[in-house]
Structure formats: structure tokens, C-alpha cells
Amino acid sequence: MAGKTIIDKIWDAHLVSGANGDPDILYIDRHFIHEVTSPQAFAGIKKRGCRVFRPGMTIATADHNVPTENQHLAIADDLSRMQVDALTQNCNEYGITLYGLNHPCNGIVHVIGPELGLTLPGMTIVCGDSHTATHGAFGAIAFGIGTSEVEMILASQCLIQSKPKRMRINILGTLQEGVDAKDIILYVISKISTSGAVGFFVEYAGPVITGTSMEERMTICNMSIEMGARGGLIAPDDVCFSYLKEKRHAPKGEEWERALAYWETLPSDEDAVFDKELVIEADHIEPMVTYGTNPGMGLGITGSIPVPGEVEDQSRASFEKSLQYMGFSPGERMLGKPVDYVFMGSCTNGRIEDLRSFASIVRGRKKADHVTAWIVPGSKQVEKEAEEEGLRAILEKAGFEMRQPGCSACLAMNDDKIPPGKYAVSTSNRNFEGRQGPGARTILASPMTAAAAAITGKISDPREFF
Amino acid sequence: MPVEKFIRLVSGCVPLPEENVDTDQIIPARFLKATTRDGFGENLFYDWRYLNGGTANPDFVLNNPAYSGAVLVAGKNFGSGSSREHAAWAIYDYGFRVVISGSFADIFKNNALNVGLLPVQADESFVEALFAQLEIQPATQIAVDLESQHVSILPGGPVSHFEIDAYKKNCLLRGFDDVDYLLSRQTDIEAFEHGRNVYYE
Ligand code: SF4
């Protein structure tokens with residue numbers, strides 16, 4: 001019998017049942033909730049007259065629609081305030097831990113889970129947010145769910161799920177300087193398209209992956225959904241274990257030893273068979289930028305926008321509509337295109353290493369006058385670290401201002417909206433039409449590329465800043 | 001929430017030949033601030049449906065009186081992006097009961113099934129034929145039969161089989177939902193909890 005993949009090992013260990021043609025019932029270890037996708041789920045269980053089955057396994061934060069300035073004041077927008085209040089009320093009523101606004105542990109759900117040690121190898125983790133795959137960086141099965149499923153977890157700590165197919169993406173070779181984890185994942189998506197992994201759970205493997213830090217792994221796993229995958233993960237190793245060791249909620253003492261012994265059994269067996277395997281050569285990867293309205297429309301920064309017909313996975317009409325929205329023409333180069341806004345943040349790139357990387361480029365330079373830049377830390381803790389390390393000072397000296405944590409312009413539910421027709425280089429994960437505000441034009445990139453754009457006011461190659 | 005039963009539907013169609021329609025188009029994030037499930041249909045496809053200033057965009061299909069019905073026909077990879085179930089609520093609330101496409105994003109498909117909106121993944125050739133026919137005859141009717149898992153263009157036009165998870169099919173046919181099922185399995189869930197590692201609590 002062939003060995004098992006890490007995906008099978010974790011999945012199978014969480015099956016409550018599934019025999020005799022019954023659907024798979026998957027037990028969930030960690031459930032994260034936030035203000036936007038949970039209120040209707042609480043209303044649902046209330047209506048059914050049931051309790052929250054395991055309130056200790058759900059953790060809440062307020063992140064999606066919170067302002068990134070003056071967080072000590074009441075939220076000015078009525079609807080946003082009502083959602084945050086509803087979350088607080090529901091958490092109080094059902095005994096769920098809430099890291100709300102102004103709590104020192106507050107932040108974007110996918111940033112705080114790992115930094116608090118709530119995200120651990122071998123877990124099943126869900127959240128009503130598609131970027132839950134971020135937690136896969138720790139060797140966990142983590143995926144986004146809808147509100148009906150949030151209700152299922154609240155009621156039973158379980159979900160009914162069919163088992164995904166397994167894909168392994170092996171990243172070989174070595175990365176060039178100036179190219180980071182964001183570039184790797186944007187490159188992968190540009191190769192396999194936004195639907196290339198539909199129906200699959202992905203394991204990222206190979207020497208480039210084992211050489212990454214935990215934060216880089218989170219950036220990679222985060223965008224798994226952008227190629228259609230249910231989730232993505234990376235086998236836990238010493239890098240992962242030492243990241244977790246002293247984290248607030250990580251197991252301690254004897255429990256740690258026991259957990260570690262189990263976690264070490266998780267990596268895919270050598271003879272495990274995947275439904276699909278891909279190989280990516282890292283040496284070819286340049287700093288990446290997107291030019292269209294889905295994350296698969298990306299290219300190396302020195303490249304040119306394709307001409308219709310060169311793009312295989314998209315019809316001509318969709319391709320042309322996309323370029324029209326962006327105000328770009330086929331065959332144009334991306335380098336040198338003017339930029340109005342820079343957004344540095346989100347659960348993809350709002351962690352401390354991302355801020356360090358951004359600051360490494362802006363240090364000793366000045367922000368272009370016409371560029372509006374929003375630097376939004378992913379959490380209170382990141383904000384604090386940035387302060388202590390002197391990153392805030394570096395940023396301020398260069399003409400940037402650091403805001404308070406939240407999802408911010410990643411989805412533009414609060415006031416951080418890119419105005420219609422304006423170009424934003426953004427370290428977030430989606431360049432859909434209107435994602436960052438109605439009519440906003442988003443160019444996805446790494447923190448270094450975003451920093452280079454903020455300084456020059458146009459799309460620039462970060463490699464020229466070393 | 002318990003879902004409405006779905007057995008068979010005969011209806012006109014609204015064509016949206018766009019590919020990769022993402023959930024930010026279906027319902028933009030700024031409309032996600034409600035704490036109830038109602039009323040999302042009003043803002044369905046808002047940024048395509050309305051011009052700046054809120055007047056109806058005459059070029060968008062929902063504003064074209066020639067097309068009506070409970071079936072939305074869309075280009076492939078429909079529903080990619082965010083996990084917001086609000087996208088499925090908006091489509092349902094607007095009055096659609098079926099979405100036909102060559103392929104769906106996974107989370108959207110799950111969300112749709114959970115709210116009683118049937119995602120029909122038909123052969124791409126069928127979807128193309130349907131788009132072509134709708135262009136010539138906007139009033140074309142189709143039949144969607146969940147029991148036999150077939151969708152057909154009426155009368156006597158092309159037919160496509162579609163796949164659906166057997167359990168989910170049963171839920172829709174009977175108006176059952178997952179929470180009911182999971183609550184009925186509580187004893188098994190508790191037994192599972194007893195037999196497992198404790199260091200996650
Ligand atoms: S930062 Fe963006 S992608 Fe991440 S959780 Fe917030 S809205 Fe979702």
C-alpha cells in the first residue's frame with residue numbers, strides 16, 4: 001500500500017464517520033470568527049434554539065470593517081459599528097474569547113492565530129474567510145467556509161465535507177535576490193491560472209519551501225485560494241517548531257513533547273501518491289506584478305502585457321474587458337507605469353517581516369509626493385514590534401505614516417478605499433474589479449516592489465534599490 | 001437555515017457570458033455590513049448593474065427586459081474569490097434558483113448548496129449552445145431536473161448531465177440542511193472527542 005500524504009493523514013485523523021455512503025463528518029479543532037461573516041450564523045443557532053457546542057474552540061477578532069485610525073473612538077460608520085457590537089454581544093452571550101478592537105491581541109484573523117500559537121500543526125482550522133489557508137503554513141488543514149458552515153461549527157464543531165484531491169507543487173532551484181514569497185505564489189498562480197487547483201488541496205514542497213521562514217510560508221499558503229485550491233499547506237519542520245515553541249497558546253512542557261512527537265509524523269510519506277504534481281523552477285522568478293483583474297494575470301516586472309491569444313485560460317472577451325478596466329494595452333511594459341496609491345498590509349503581507357522588507361527599501365529615501373501610501377500592520381503585536389524595532393521611525397522619516405491594524409484597503413469595507421480610476425500597488429491578494437473600492441485599479445506585488453513604487457511613484461524594479 | 005426544496009424547474013434564463021465572475025462582483029464588500037440575510041438581492045452585481053450615481057446600466061443583462069427567469073447562466077469558473085456566502089444569498093434573494101456554468105469555485109459551490117441555490121456544472125458545449133440560443137431567442141426556456149441530474153433546452157434541444165454530491169442532492173430534494181444532520185450525530189461526535197489527542201484544547 002502506498003504511503004499517505006500529509007493531507008490524508010490530517011484529514012483521516014479528523015473523520016467522525018464517513019462509512020456506508022454517509023457523508024464525511026470532519027471534526028474542526030480551531031474555528032476563527034470575525035464580525036462580517038458570523039452574525040447570521042449566531043442568528044441561525046439562536047433560531048434553532050441550540051447552544052454553541054464547544055465555545056472554547058472558537059476565537060473571535062474584529063478586523064474586516066474596522067477603521068485604521070482613531071480606534072480608541074467609537075466606530076463612526078453605523079453599520080460597521082453594529083456588526084462589531086453584534087460580534088461582542090454574541091461572544092459574551094456564548095462564552096467565546098474575543099480579541100476585539102483595542103485588545104493587545106487584536107488584528108487580522110490570519111495574523112493573530114499564528115502569532116498567538118492558536119494555529120498548530122495537524123489541526124483542522126476553519127474561518128468564514130477564504131484566506132484561512134494561511135494557517136496551512138504550520139502543516140494544518142485550513143480552509144475558508146461560508147456562513148452556513150460557521151453555523152454548523154457553532155452547533156456541532158463539525159462540517160460535512162468531501163475529501164479534496166491532493167496536489168503537490170515542488171519549488172526547486174534558488175530564488176534571486178529581490179524576489180520573495182509573494183513573488184513565488186504570484187508566479188505559481190500566473191502559471192496555473194485562477195482555476196488551476198479547483199477541487200485540490202495543495203502541499204507546497206521542495207528546497208525553496210524548506211528554506212523559507214514561517215512568515216514567508218504564510219504568504220504562500222495564504223494565496224492558495226487564488227488558484228482555486230480549497231487550501232494549501234507546508235509540512236511542519238524545525239523552522240515551524242521553533243517559531244511555535246514559546247507562543248502564548250502553544251502547548252508547554254510535557255504536552256509540548258507529546259505534541260512534537262505527533263507533529264513529526266505528519267509529513268507526507270516518501271511513497272505517498274498525489275493526484276497531481278507540479279514542478280516550478282524558482283530561478284526563473286522575477287519580482288511579480290499583476291496587470292489584469294484576477295490574480296492569475298501576473299508577469300515578471302520586466303515583462304510586457306500579453307497580447308490577446310497569448311493567454312490560454314481566458315477568453316479574448318474577458319481578457320480585453322480586464323485590460324480595459326485597468327486602462328492598459330496589450331504589449332505594453334509594466335515598468336514605469338504611474339502609481340497613485342500604495343497599500344502595504346493585509347493577511348498576505350501585513351506581518352513584521354513584511355514591514356521589515358518594505359522598510360529595507362525605503363530606508364534613507366523619500367516617498368514620492370503624489371503617492372498616497374497606507375501602511376497597515378496586520379495586528380497590534382506587529383504594530384508594537386514595528387515601533388520597538390524602529391521601523392515606524394524609518395517609515396516616518398521617509399514620509400510614510402503607519403496606521404492601526406485591520407483588513408483595511410484589502411477589501412475596502414472601511415474608509416480605506418482607492419478612488420475610481422486610480423492605480424494602487426497593493427501587497428494584498430486580490431486585484432478584482434472594485435475590490436479596493438469602486439473603479440479602483442489594483443496591481444498586486446510584494447512589499448519590496450510596493451516600496452519601490454512608493455518611492456518612485458511608478459512601477460519600479462526593487463532589485464535596483466539594493 | 002433550512003433550505004427550500006428543489007426538485008424540478010422550468011424557467012427562462014439570464015445569460016452572463018463573463019468568465020471568472022468573482023464574489024466581489026456578485027456582491028461588493030461594502031454591502032456586507034448587514035447582520036441579517038435579507039435584502040442582498042438589491043445589490044447583486046451592483047457595480048456592473050448601476051452606473052456612477054446609481055442609474056441602471058442599460059448594457060448590463062439584469063437591466064435588459066428581454067431576459068428573465070430563475071436561472072443564471074454564466075461563464076466558467078463562476079464564484080471565485082471570497083468565501084462570503086452573501087454572494088449566494090444575493091443571487092437567491094434576487095430570485096435565481098439555479099446557476100449554470102462550465103465550472104464553479106469550490107467554496108461558492110458549497111455555499112450555494114447550503115442556501116438552496118442549485119449550482120449546475122454542465123458540459124461546456126451545452127453552456128455554449130445555451131448562450132448562442134439565448135442570443136437569438138431571449139425567451140428560451142430550460143428544464144432543470146435534480147432527480148435525474150439533467151438540464152435541457154426546451155423543447156427537445158441539447159441535454160447535459162450534471163454531477164452533484166449524493167448527500168447534497170438528497171438535502172435539496174427533501175429541504176434538509178447540514179445542521180439538522182450534524183445535530184442528529186452528536187453522540188458520534190462526542191465519542192470521537194473522547195478518543196483523541198488533547199493538546200489542541
Ligand atoms: S486582509 Fe483581506 S484577505 Fe485577509 S482576512 Fe482581511 S479581507 Fe480577507
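Where in chain A does A:S193 lie? A:S193 lies in the loop between helix 6 (181–192) and strand 10 (200–205) of chain A, with helices (H or I, at least four residues) and strands (E, at least two) taken as DSSP runs numbered from the N terminus. This is a predicted model, so local features need pLDDT of at least 70 and side-chain atom pairs count only at pLDDT 80 or more, while totals for chains, interfaces and linings use all residues. Residues are numbered from 1 along each chain as its sequence is written, chains are lettered from A in the order in which they are written, and side-chain values use heavy atoms, leaving out hydrogens and water.

- Most residues other than glycine have a negative phi, and most peptide bonds are trans.
- A:S193 isn't a glycine, yet its phi is positive, near 80 degrees; at 8% relative accessibility, A:S193 counts as buried (under 20% relative accessible area, 1.4 Å probe, protein chains only).
- A:A412 is another non-glycine with a positive phi, about 55 degrees, and its spot is the loop between helix 15 (391–397) and strand 17 (423–426) of chain A.
- A:A412 has 3% relative accessibility, so it counts as buried too.
- Over in chain B, the peptide bond from B:L154 to B:P155 is cis, with omega near -10 degrees; B:P155 sits in the loop between strand 6 (150–153) and strand 7 (159–161).

**Chain B overall**
- You get eight helices and seven strands in chain B, and 59% of its 201 residues count as buried.
- The C-alpha atoms of chain B fill a box of roughly 60 × 45 × 25 Å along the principal axes.

**Helix 3 of chain B**
- Helix 3 (residues 86–94) is largely enclosed by the rest of the structure, because seven of its nine residues are buried.
- Those buried residues include B:W89, B:I91 and B:Y92.
- They pack against helix 2 (39–48) and helix 5 (147–156) of chain A, plus helix 1 (23–26), strand 3 (98–101) and helix 4 (106–115) of chain B.
- Just after helix 3, B:G95 takes a positive phi of about 125 degrees.

**Where the chains meet**
- In chain B, 55 residues are in contact with 76 residues of chain A (heavy atoms within 4.5 Å).
- The two chains bury about 5300 Å² between them, 55% of it on carbon and sulfur atoms; that's the accessible area (1.4 Å probe) lost on being put together, summed over both.
- There are eight salt bridges between chain B and chain A (a side-chain nitrogen of Lys or Arg within 4 Å of a carboxyl oxygen of Asp or Glu).
- One of them joins A:R48 to B:D180, with the closest N and O atoms 3.1 Å apart.

Notes:
Buried < 20%, exposed > 50% of the residue type's maximum accessible area, 1.4 Å probe, protein only.
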